[in-house]
Amino acid sequence: MTTRWFGAPVQRVEDDRLLRGHGRFTDDIGEGALECCFVRSPYAHARIRSIDVSEARSALGVVAVYTAADLPFGGVDLPLLIPHPNLTHGRTQRCLASEVVRYAGEAVAFVVAESRYAAEDAAELVQVEYDPLPVVITPEVAARAEHLVHDDVAGNVAAEMLQEVGDLDAAMVTAPHRKRLRFRYERGAASPLEGRAVWAQWSAAEHKLTVYDSTQSPTSIRGGLAVLFGLPESNVEVIAPDVGGGFGPKIMLFYPDEVLVPYAAMQLGRPVKWTEDRQEHFTAVNQERGQVHEVEVGFDGDGRIVALSDDFIHDGGAYTPYGIILPIITAAQVPGPYRVPNYRVRFRDVYTNATPTSPYRGAGRPHACFVMERTLDAIASELGVDRVEVRRRNLIQPDEFPYAVGVAWQDGNRVVYDSGNYPELLDRALEMLGPRPGGDHVGMGLAIYVEGTGVGPYEGAHVQVLVSGKVVAATGIPSQGQAHATVWAQVVADELGVDVKDVEITSGDTRRFPWGVGTFASRGAVTAGNAMHIAAGMVAAKAKQIAADHLEASPADLELVDGRVRVKGSPDRGMPLAAVAVLSNPVRYAFGGGTEAATQFASKPRPGPPLQGGEQPGLEATGYYSPPGSTWASGCHAAYVRVDPKTFRLEILKYVVVHDCGRVINPLVL
Amino acid sequence: MKVNGVEHSPPADPRRLLSDHLRHDLGLTGTHVGCEHGVCGCCTVLLDGAPVRSCLMLAVQAEGHEVKTVEGLARDGSPLHPVQQAFHECHALQCGFCTPGFVMSVVGLLAQHPHPSPQEVDEGIAGNLCRCTGYASIRRAVSRAAELSSPLVGKSGPQGRDGAR
Amino acid sequence: MPRRSDPRLVKPPPFEYHAPTSVDEACSLLGSLDDAKVLAGGQSLVPLLNFRLARPAHLVDINRIGGLDRVYERDGGVAVQALARQAAVEDSEIVARVCPLLRDATKLVAHRVIRNRGTVCGSLAHADPASELPAVLLALRGSVVAVSARGRRVIPASQLFTGVFETSLAADELLAEAWFPASPRPFAILEESRRHGDFALAGVVRAGKRLALFGVAPTPVLADPRNPTVGLEPSGDLEATPEFRLHLVRVLTEKAFAA
């Protein structure tokens with residue numbers, strides 16, 4: 001493989017249409033669709049005494065109003081996506097609540113009308129009688145369990161997990177110094193600029209459901225809808241068109257609308273669409289980050305950590321559709337880039353009467369980093385040692401890899417760091433940061449992290465050289481601005497020796513590629529990128545095989561350069577890749593484009609059937625990449641911040657980031 | 001009302017927002033909706049040359065005025081407008097959802113301040129939110145756009161990334 | 001406990017729309033319609049309509065009235081008519097010369113794109129306790145001209161702002177013009193907000209020896225520069241505690257009067 005494009009600062013192919021306003025985000029799709037809105041609970045916890053939609057049903061422009069009673073799946077709990085043996089009391093919500101609402105924003109009724117305006121007018125006519133119940137807000141209150149979020153979940157505890165590496169008690173007791181610390185991390189919301197949106201159409205003639213969804217996993221949505229509606233998967237198409245930011249909440253599945261909008265489309269015989277507004281995003285789209293950590297750290301006189309115990313409560317929200325991935329990640333990432341020879345971590349995932357939690361940018365890692373970094377600062381303060389020096393003394397060294405941390409990871413494996421140079425990250429960050437600016441009230445912020453990424457199970461790619469010589473490639477995972485179409489094109493272009501402009505990538509469209517997991521946890525380049533590499537490599541090998549016969553050379557003597565397959569050292573002996581694509585498909589009927597060369601009276605390079613030994617027509621291949629485990633990126637952030645002692649206003653004077661992402665595919669889009 | 005130079009009638013329903021009218025009645029979906037209360041900037045269009053929030057105008061209010069949306073900056077096939085070009089060169093967009101709003105705001109900013117100081121750049125883009133880029137590249141794009149828009153076309157190339165040594 | 005559902009909806013509710021082309025027509029409409037609101041810049045009203053927090057039966061859009069957008073000198077100060085946009089006031093040479101305090105205050109209102117539509121008179125009529133312009137009017141001892149089918153009256157700033165989003169304007173009155181006396185020197189307007197362009201957590205306006213505060217009471221209030229927090233009982237919310245608001249008042253007052 002010639003590395004012409006890999007590592008090059010290629011300008012994005014995505015930009016032109018987005019800049020011209022020709023992006024196609026889900027709400028941009030009209031096609032005469034009916035529009036919807038939800039009636040949502042204003043109460044964080046309440047029993048529903050009655051729901052009256054009669055007035056709403058007869059409002060102007062209203063086509064249908066649904067409550068749980070109107071749905072054949074009204075009593076079905078939405079899927080629990082990631083089961084885990086420790087999740088002993090997992091709960092998921094239903095599409096529409098009918099008995100109890102457990103967070104403000106939980107959906108109670110679904111209105112379908114000719115316009116969103118009419119739908120909202122009708123939603124105001126829906127009468128719901130609530131009996132408010134005691135509200136459990138904050139993880140601390142939840143853990144005290146004076147009131148329950150779910151009647152059948154004692155203590156509000158959905159899951160509890162304890163892990164230990166080494167012998168924590170013995171090490172702590174003998175540690176020269178000990179300190180107890182408490183850390184509290186507040187909830188946050190992702191707030192992508194594009195809210196969530198779904199558009200669906202049912203074709204009775206083709207018995208086919210087509211859904212556009214601003215989602216991070218079209219393949220999962222497709223699978224779920226097929227199961228729920230009893231349709232063959234091949235009759236369900238899900239496409240993530242342009243998506244205006246995901247950041248985690250769009251990897252959560254299934255929001256009620258992802259089921260109700262397709263259902264309404266199937267019932268009403270017209271396309272149906274729903275787009276959330278910003279108010280809904282703040283309450284009805286998953287959030288995360290709420291955690292409370294009780295830490296005890298044992299350390300020696302040099303500030304080296306001897307033992308660390310972390311007992312934390314994770315705010316799971318009202319339901320646990322995403323399982324306990326978040327606290328598992330936090331528990332795994334607290335040690336970060338540091339040596340923690342004796343580590344005990346226990347978490348309780350508790351229910352609260354708040355929006356359910358699932359990954360948001362960082363997905364449990366930021367909290368872990370916060371805990372460890374602040375603990376190190378406390379150690380430094382206690383001993384009067386420089387904060388940077390304390391970190392240096394605890395960092396895992398470059399010659400210690402692979403480094404087994406000893407705790408569970410989110411992919412079912414254990415955490416084993418594969419590579420890194422943490423001291424170098426720190427040194428470079430400090431060098432970039434430079435000397436402290438003059439003036440009063442200036443502080444330095446510092447944090448070093450390890451980021452488990454590139455998680456499996458797999459991703460796949462299909463790559464094909466067309467008879468025109470252009471290359472098309474597709475993968476199952478969608479994009480939300482990561483420049484996938486550019487960087488994957490770079491990977492493929494290098495394998496096939498073509499110009500990056502001649503490679504067109506499609507992503508997140510189950511019609512083009514139906515297998516895959518999703519775009520989250522910074523895994524796209526590693527998983528789909530590697531799949532693209534594998535598939536393109538298979539195509540290159542096939543091209544050489546076919547060309548070898550025609551060029552009377554051995555495949556090993558051939559190379560793919562500038563859109564041609566040619567003999568190494570004799571560049572004039574070659575043929576265009578387009579011609580190879582033609583020859584890959586033996587035809588009876590030439591239809592132009594050079595296909596005459598592949599007909600039966602043209603010269604035959606070898607005896608025997610046109611396709612032999614398992615060969616398939618077409619210069620194409622499908623490849624998959626399934627990582628053995630996560631790979632471990634790392635980085636260091638450092639900043640100088642000034643605080644105004646009177647107004648307490650913060651001013652960020654300088655902020656630097658050093659991040660080890662492995663080999664950079666495109667430095668322009670870092 | 002004129003939208004990108006073409007005459008259109010306002011909608012019958014006076015409560016229809018200009019943002020919805022442009023997107024769903026006129027099919028100009030380049031203008032995006034992010035908050036419907038004037039905070040995020042995604043819906044920014046030019047009204048008689050000045051940037052305004054289309055989510056804070058009733059469509060009927062645009063009657064007798066000229067509205068320009070992002071689609072009106074460069075016709076299909078023609079080169080990008082200097083502001084669009086600058087955003088491309090400086091990698092100032094990722095998902096692209098906030099981008100039309102930024103572009104229209106910057107067009108308005110440069111009309112008012114053809115050579116904005118860093119302070120004026122920050123003031124000029126402070127009304128637009130982006131959740132992808134972190135704004136550093138957008139700042140660079142505004143300065144680059146000023147260069148590209150100036151009659152003496154900027155000779156320096158697209159600005160490099162800060163700290164990328 | 002039965003309760004009409006709170007759907008958290010974001011689209012304007014239905015209303016009757018009127019677009020008068022003269023002040024007389026506007027006053028006639030305001031005088032005869034029940035439950036009508038004036039639509040000028042819309043930068044405060046339309047969000048309220050979008051959130052369905054405002055549900056007027058009638059909207060009287062005054063943007064079609066010609067000749068109502070002047071900024072001119074009179075009586076030693078600057079007169080700003082109902083349709084003069086905040087951006088126009090910000091850029092006005094007259095304002096810069098006669099009342100630079102008004103220019104400085106206008107620059108603090110939201111962002112330029114909002115100011116391209118928002119009006120100074122609209123901001124005064126809206127009377128958000130955290131907004132800048134009412135406090136400036138109060139500090140300068142300005143006044144407004146209210147017109148209706150019944151006639152015309154001048155309301156001094158001290159009598160205009162009566163509560164949170166409340167003024168002494170009658171339901172049938174249009175705030176046709178605001179008058180800002182010339183800025184005495186020294187003058188200053190300082191505020192603290194969480195983000196650039198946000199409403200102020202607390203703010204102070206100095207006009208010579210006079211001090212007005214905003215963001216810390218139901219209306220803008222005058223205060224003694226030597227003891228600015230006397231009698232203040234600001235509210236607490238997610239953005240700031242009452243104590244922090246009082247602290248900011250002291251800090252900002254000290255800064256404004258340091259010169």
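This is a predicted model: local features need pLDDT of at least 70, side-chain atom pairs count only at pLDDT 80 or more; totals for chains, interfaces and linings use all residues.
## Domains of chain A

Residues are numbered from 1 along each chain as its sequence is written, while chains are lettered from A and ligands numbered from 1 in the order in which they are written.

Nine residues of domain 2 of chain A are in contact with twelve residues of domain 3 of chain A (two residues are in contact if their C-beta atoms, placed from the backbone, lie within 7 Å). The side of domain 2 of chain A that touches domain 3 of chain A has five nonpolar, four polar and no charged residues. In these classes, Ala, Val, Leu, Ile, Met, Phe, Trp, Tyr, Cys and Pro count as nonpolar, Asp, Glu, Lys and Arg as charged, and the others, Gly among them, as polar.

## Strand E15 of chain A

Eight of the nine residues of strand E15 (residues 343-351) of chain A are buried, so this strand is largely enclosed by the rest of the structure. A residue is buried if 20 or more other C-beta atoms lie within 10 Å of its own, exposed if 12 or fewer, and partly exposed in between, with C-beta atoms placed from the backbone. Helices (H or I, at least four residues) and strands (E, at least two) are DSSP runs, numbered from the N terminus.

Strand E7 (residues 157-165) of chain A pairs with E15(A) in the antiparallel sense over eight bridges, where two strands pair if DSSP finds at least two bridges between them. Arg344(A) in E15(A) is the bridge partner of Glu164(A). Strand E14 (residues 305-317) of chain A pairs with E15(A) in the parallel sense, over nine bridges, and here Ser309(A) stands opposite Arg344(A). From E14(A) the chain crosses through helix H9 (residues 325-333) of chain A to E15(A) in a right-handed β-α-β crossover. Right-handed means that, with the strands pointing away from the viewer, the path from the first strand over the helix to the second runs clockwise.

## A three-stranded sheet in chain A

Chain A also has an open sheet of three strands in the order E18-E26-E27, with antiparallel pairing. Strand E18 (442-453) and strand E27 (650-660) of chain A are the edge strands, and each pairs on one side only. The twist averages 15 degrees from one strand to the next.

Twelve bridges join E18(A) to strand E26 (residues 631-643) of chain A in the antiparallel sense; Thr453(A) has Thr631(A) as its bridge partner in E26(A). Helix H12 (residues 422-433) of chain A lies across E18, E26 and E27 of chain A and runs at about 30 degrees to E26(A). Axes are lines fitted to C-alpha atoms, for helices over the stretch in contact, and angles run from 0 to 180 degrees between N-to-C directions.

## Chain B and its contacts

Chain B is divided into domain 1 (2-72) and domain 2 (82-149), and their centres, taken over C-alpha atoms, are separated by 20 Å. The contact takes 14 residues from domain 1 of chain B and 13 residues from domain 2 of chain B. On the domain 1 side, strand E3 (44-47) and strand E4 (50-53) of chain B are the elements that give two or more residues. The largest share of that side, three residues, comes from E3(B). By class, the side of domain 1 of chain B that touches domain 2 of chain B has eight nonpolar, six polar and no charged residues.

## Strands of chain C

In strand E3 (residues 36-39) of chain C both faces are covered: Ala36(C) and Val38(C) on one side and Lys37(C) and Leu39(C) on the other are all buried. E3(C) pairs with strand E4 (residues 58-61) of chain C in the parallel sense over four bridges. Together with helix H2 (residues 45-50) of chain C, E3(C) and E4(C) make a right-handed β-α-β unit.

Definitions and conventions
Domain bounds come from an automatic or database domain assignment.
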